[in-house]
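Dear colleague,

Please find below the structure that I am handing over to you. My findings follow directly after it, and I would be grateful for your reading of them.

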Amino acid sequence: MKIIAGNWKMNGSRSALAEMQGALDGIKTENRVILCVPFTMISGNSGPAAIGAQDVSMHSHGAFTGEVSAEMLRDAGAKYVIVGHSERRMYHGETNEIVRNKAEMALSAGITPIICVGETMEEKDAGKTLEIIESGVRESVPSDGGDVIVAYEPRWAIGAGITPTDDDIAAAHTLIAETLEKMGRGGAPILYGASVKGANAAQIMSIPHVDGVLVGGASLKSDDFIPIIMATK
Ligand code: PGA
């Protein structure tokens, strides 16, 4: 069983989501399929894919105009939430500490956080990839609470049509698994994300410690998303 999570980013509509759920109804898989969609699409839909959000407030309630709390996400029906996606880190200044606070809020509402870590091109070129990954996990993943999922997303490969080598993905995932183990979170699923598509999904998911994938662009259309789900049944 693998976890196949889609990240729709700021794309889609309620009818597109209903259409995707309908298409997913037609396939047979043991994999856990999750669709992380914009806030407005969370409530009122049904289908085989569990629904997740793409961000959550680090505050519980109150005077935070524009924010959505973990309790509100739970109330709307979200089971998962992506936290610390590189686009949030890049455009909204989210630090590991903020990401951990958000993950803690999700856990306290019974929502599973999908916590993203990964290096920029600059950090990769400076030979800092493993250091960034390890500190990202140590500082972003809450040490206790319910289940978490970690996603390794090399930031330079997101939406770029390129991926790290299999050996580099294996090294990153092994380090994340070892770090989680030391934190008492051994066995938490670790997803790979960045430029996953039907043509590379089976190979990527055969790498040790890759428990599934987090898919951006190729999760928007069922013709692209279903082959990724079916790459490993
Ligand atoms: P991509 O995005 O699949 O379009 O590279 C991945 C992500 O941002 O989660």
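This is a predicted model: local features need pLDDT of at least 70, side-chain atom pairs count only at pLDDT 80 or more; totals for chains, interfaces and linings use all residues.

In strand E1, Ile-3, Ala-5 and Asn-7 point one way and Ile-4 and Gly-6 the other way, and all of them are buried. Here, buried means under 20% relative accessible area, exposed means over 50%, and partly exposed lies in between (1.4 Å probe, protein chains only). Helices (H or I, at least four residues) and strands (E, at least two) are DSSP runs, numbered from the N terminus. Because five of the five residues of E1 (residues 3-7) are buried, this strand is largely enclosed by the rest of the structure.

Residues are numbered from 1 along each chain as its sequence is written, and side-chain values use heavy atoms, with hydrogens and water left out.

Strand pairing around E1

E1 pairs in the parallel sense with strand E2 (residues 32-36) over five bridges; two strands pair if DSSP finds at least two bridges between them. Arg-32 in E2 is the bridge partner of Ile-3. From E1 the chain crosses through helix H1 (residues 14-25) to E2, and this β-α-β crossover is right-handed, that is, with the strands pointing away from the viewer, the path from the first strand over the helix to the second runs clockwise. E1 also pairs with strand E8 (residues 212-215), in the parallel sense and over four bridges, and Leu-214 in E8 stands opposite Ala-5.

In the loop between H1 and E2 lies Asn-31, which is buried, with a relative accessible area of 7%. The side chain of Asn-31 reaches the backbone oxygen of Thr-232 at 2.3 Å. This is a polar contact (a pair of N or O atoms within 3.5 Å; within protein, one must be able to donate a hydrogen and the other to accept it, and residues adjacent in sequence count only if both atoms are side-chain atoms).

Strand E5

Six of the six residues of strand E5 (residues 112-117) are buried. Thr-112, Ile-114 and Cys-116 point one way from E5, and Pro-113, Ile-115 and Val-117 the other way. Strand E4 (residues 80-83) pairs with E5 in the parallel sense over four bridges, with Val-83 opposite Ile-115. E5 also runs parallel to strand E6 (residues 149-152), joined to it by four bridges, and Cys-116 stands opposite Ala-151 in E6.

Ligand

A polar side-chain atom of Lys-9 lies 2.7 Å from an oxygen atom of the ligand. Backbone atoms take part as well: an N or O atom of Ser-195 lies 2.8 Å from a ligand oxygen atom, and a polar backbone atom of Gly-216 is 2.8 Å from an oxygen atom of the ligand. Taken alone the ligand exposes 280 Å², of which the protein buries 95%; accessible areas come from the Shrake-Rupley method with a 1.4 Å probe, and for residues only the protein chains shown count as cover.

Overall form

The protein has nine helices and eight strands. Buried residues make up 48% of its 233 residues, and the C-alpha trace spans about 45 × 45 × 30 Å along its principal axes.

With kind regards
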